[in-house]
Amino acid sequence: MIAFVRGEVAAVTLSSAVLEVGGVGLELMCTPGTLATLRVGRPATLPTSMVVREDSLTIFGFLDEDEKQVFEIVQTASGVGPKVAQAIVAVMSPDDVRRAITTEDVKALTRVPGIGQKGAQRIILELKDRIGPPVGAHHPATSAAPATDAWRDQVHQGLVGLGWSAKESERAVEAVAPDAGDAPDVGALMRAALRTLSRA
């Protein structure tokens, strides 16, 4: 229904962004990695997926078409709704998801909040023949590279938004700090931080 949204970023919260399109503010639910690429007052184009329920109408926004495609495919597995699908693309890159499913890596999938052993096995069973092989698309570091330490706030806020405590989030940020380098890739750091939390 709504394939993408292009407009000026009017607001960014912990879990969503508001894009102004023709005088209307559309709220898009986004992963922390996607939100980290947006700047208030700057234009943005986000591929979107619209989820219509009896009592709600929600638009999910993505970094690129690849992420959107994986979000939509994983929802075709029984028991996976948009919330869990979004958690999957927040924790794993699209190729990580494809790799986990094609190599039957249950452990990788159970790192996603909301997916247990049985759920992971069901996802693998139902999607193995449909997900396709990794495509090798690497998400480049965000073009508007944030100031070296801004990533800390973004990752911390993102983790808190996904339900971790401030203290746990702080620890995870410290754990991935050595990997940040000069041009931090917030999406990659976010995934690394989530991995340290799921191991803890």
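Student: Which helix gives the most to the lining of the second largest pocket?
Tutor: This is a predicted model, in which local features need pLDDT of at least 70 and side-chain atom pairs count only at pLDDT 80 or more, while totals for chains, interfaces and linings use all residues. Residues are numbered from 1 along each chain as its sequence is written, and side-chain values use heavy atoms, with hydrogens and water left out. The most, five residues, comes from helix 3.

Student: How much space lies in the second largest pocket?
Tutor: On a 1 Å grid over the protein atoms alone, a cavity is a set of points where a 1.4 Å probe fits but cannot get out, whereas a pocket is an open set with protein on both sides within 12 Å along at least five of seven lines, and lining residues have an atom within 4 Å of a point. Grid points are joined across faces, edges and corners, and a volume is the space filled by probe spheres set on the points. For the second largest pocket, the space is about 270 Å³.

Student: Which residues are closest to the centre of the second largest pocket, and how does its lining divide into nonpolar, polar and charged?
Tutor: Among the 15 lining residues, the closest to the centre are Ser15, Lys83, Gln86, Gly161 and Leu162. Ala, Val, Leu, Ile, Met, Phe, Trp, Tyr, Cys and Pro count as nonpolar, Asp, Glu, Lys and Arg as charged, and the others, Gly among them, as polar. On that scheme, the lining of the second largest pocket divides into nine nonpolar, five polar and one charged.

Student: How many of the ten residues of helix 3 are buried?
Tutor: The buried residues of helix 3 are Pro82, Val84, Ala85, Gln86, Ala87, Ile88, Val89, Ala90 and Val91. Helix 3 is thus mostly covered, and the count of its buried residues is nine.

Student: In which sense does strand 3 pair with strand 2, and in which with strand 5?
Tutor: Two strands pair if DSSP finds at least two bridges between them. Strand 2 (residues 16-21) and strand 3 (residues 24-29) form a hairpin with two residues between them, where Gly22 in the turn has a positive phi of about 55°, and Leu28 of strand 3 is the bridge partner of Ala17. Leu28 also stands opposite Ile59 in strand 5. With strand 2, over six bridges, the sense is antiparallel, and with strand 5 (residues 56-61), over two bridges, the sense is parallel.

Student: To which strand do five bridges join strand 1?
Tutor: Phe4 stands opposite Pro47, and the two strands, strand 1 (residues 4-12) and its partner at residues 43-53, run antiparallel. That partner is also joined to strand 5 by a hairpin through two residues, with six antiparallel bridges between them. The strand joined to strand 1 by five bridges is strand 4.

Student: What radius of gyration does the chain have, and why does it agree with a compact globule?
Tutor: The radius of gyration is taken over C-alpha atoms, and the globule rule is 2.2 Å times the number of residues to the power 0.38. With 200 residues, the rule gives a value near 16 Å, so the chain agrees with a compact globule at 16 Å.

Notes. Helix = DSSP H or I, 4+ residues; strand = E, 2+ residues; numbered from the N terminus. Buried < 20%, exposed > 50% of the residue type's maximum accessible area, 1.4 Å probe, protein only.
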